[in-house]
Amino acid sequence: MIDQLASMGVVGIAHHVRSGRMTAQSVAVAALDAVARVNPHINAATRELRERAIAEAVAVDAKVAAGEDPGPLAGVPYGVKDLFDLRGLPTTAGSDRLRSAPSAVSDAIAVSLLRKAGAVLVATLNMDEFAYGFVTDNATWGVTRNPHALDHFAGGSSGGSAAIVAAGALAFSLGSDTNGSIRIPASLCGIFGTKPTHGSLPMEGVYPFVHSLDDIGIFAKDATDLKAVDAVLRGDAAEVPFSGRSAILGGWFQRNLAKEMAEQLKCLQVELDAPTVTLPDVQRARSAAFLITAYEGGQLHRPTLATDAMGYDRNTRDRLIAGAALSEDVYREALGFRDEFSIHVEKLFNEFDVLIAPSTYGPAPLIDDPFVSIDGRMQSARANLGLYTQPISFLGLPVVAAPLPVADLPCGVQLIGRKGSDRALLSYAEALSERGLVASRLPCPPSAWPAATSS
């Protein structure tokens, strides 16, 4: 059954459970088996929630048997990035120092909404510590590997959430995006992802990082599945069709692209008959996003850094300390520039409804050779994977990350809309999928992964 579930996705599984063709319990067991099958290879899940998953599935089956509505996501198995509160478990946010923290007394609002809609929570998922990273290289839980090539990164900081869906083990997952933490791993793993209009999805019970930029979002194998989960989280299933024009962002967004990324972007532009447009001061926008991130993240962790700095992963600690040392004047200047940059973007939205940009420079970098050519010099891929997402992040705009139909390692684009256009943007992604202009693919069925052997 695990391969069947991988091909069915969110909408298909919910339909079969609601109609009684499958039981939610059998789906949950198959999903748990799939996670157990793929996780030793990709290291995406940090905790298997077997007891909870079975209990939630039994509750769904009881509603179906009683003739009650089990919810629009009945029996659909999913996972969450390990910064969502789950009742009875500590919220680690990817940090070893929080593994023994007091357990959460209630679920995050998003998790509660999904449970009420019939979805079944199966696992918590790996991430960069405190969501501060682009590769999911965790000092405690290890590196999450790309299902398409295990010697390559999955991206981050929501790498576990992307990899588990890309491997076909779960129908969807939740992650968070501050500077690209959903868009980057979605594109590198060849699936779809959302960064919503800032503040439009419930953040209660989600461990914070940068309050003015943080948002939760969804990973799934297609745009239709994204729409189904988004409707539950948003409390609005209204269909919003897309009509309008799209444009390709040039300049900064077309510098330093890998050959395959540049070629795919050009093909998409031709198919859409979309003009190239440019934005001024994109490099300054990226710098401003970087400063806002560093300052707010540093201030959040400042008290704990003063008392337990050695409890942090070294790479995270050093960046948080640097951010805590920034002056408020620098922070205010970055916020001021955000207002200026927003004006330029709004001018483009007076002419176009969607702006399209690469999510990353190209395919996922190698874990053992994490470098990329930036302006003719080999530089850290970890530091530069947000090259094209960071200038968009701090504007609070909705974005759908959509995979391009490549034959080799995945890469993808950002479909960027004006604030509040989330549902129309998902319809646009769905329309592009129907034309074959964006498409996800699994590297292999879950059953094809070699079974784990005990040592």
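**Close-up views of a predicted model**

View 1. Residues are numbered from 1 along each chain as its sequence is written, and side-chain values use heavy atoms, with hydrogens and water left out. Helix α14 covers residues 422-434, and because 13 residues at 1.5 Å a residue should span 18 Å, the 19 Å between its end C-alpha atoms agrees. Of these 13 residues, 10 are buried (under 20% relative accessible area, with a 1.4 Å probe and protein chains only), among them D422, R423, Y428 and L432.

**View 2. The largest nonpolar core.** This core, a set of buried Ala, Val, Leu, Ile, Met, Phe, Trp, Tyr and Cys residues joined through side-chain atoms within 4.5 Å, has 153 residues, of which F84, L114, I164, F172, I356, F394 and L415 touch the most other members. Helix α2 (residues 24-42) gives the most to this core, with 10 residues.

**View 3. The surroundings of F394.** Leaving aside neighbours within four places in sequence, F394 is in contact (heavy atoms within 4.5 Å) with L213, A285, A288, A289, I292, A334, F337, R338 and F341.

Note on methods:
Predicted model: local features only at pLDDT ≥ 70, side-chain atom pairs only at ≥ 80, totals over all residues. Helix = DSSP H or I, 4+ residues; strand = E, 2+ residues; numbered from the N terminus. Expected span 1.5 Å × (residues − 1). Buried < 20%, exposed > 50% of the residue type's maximum accessible area, 1.4 Å probe, protein only.
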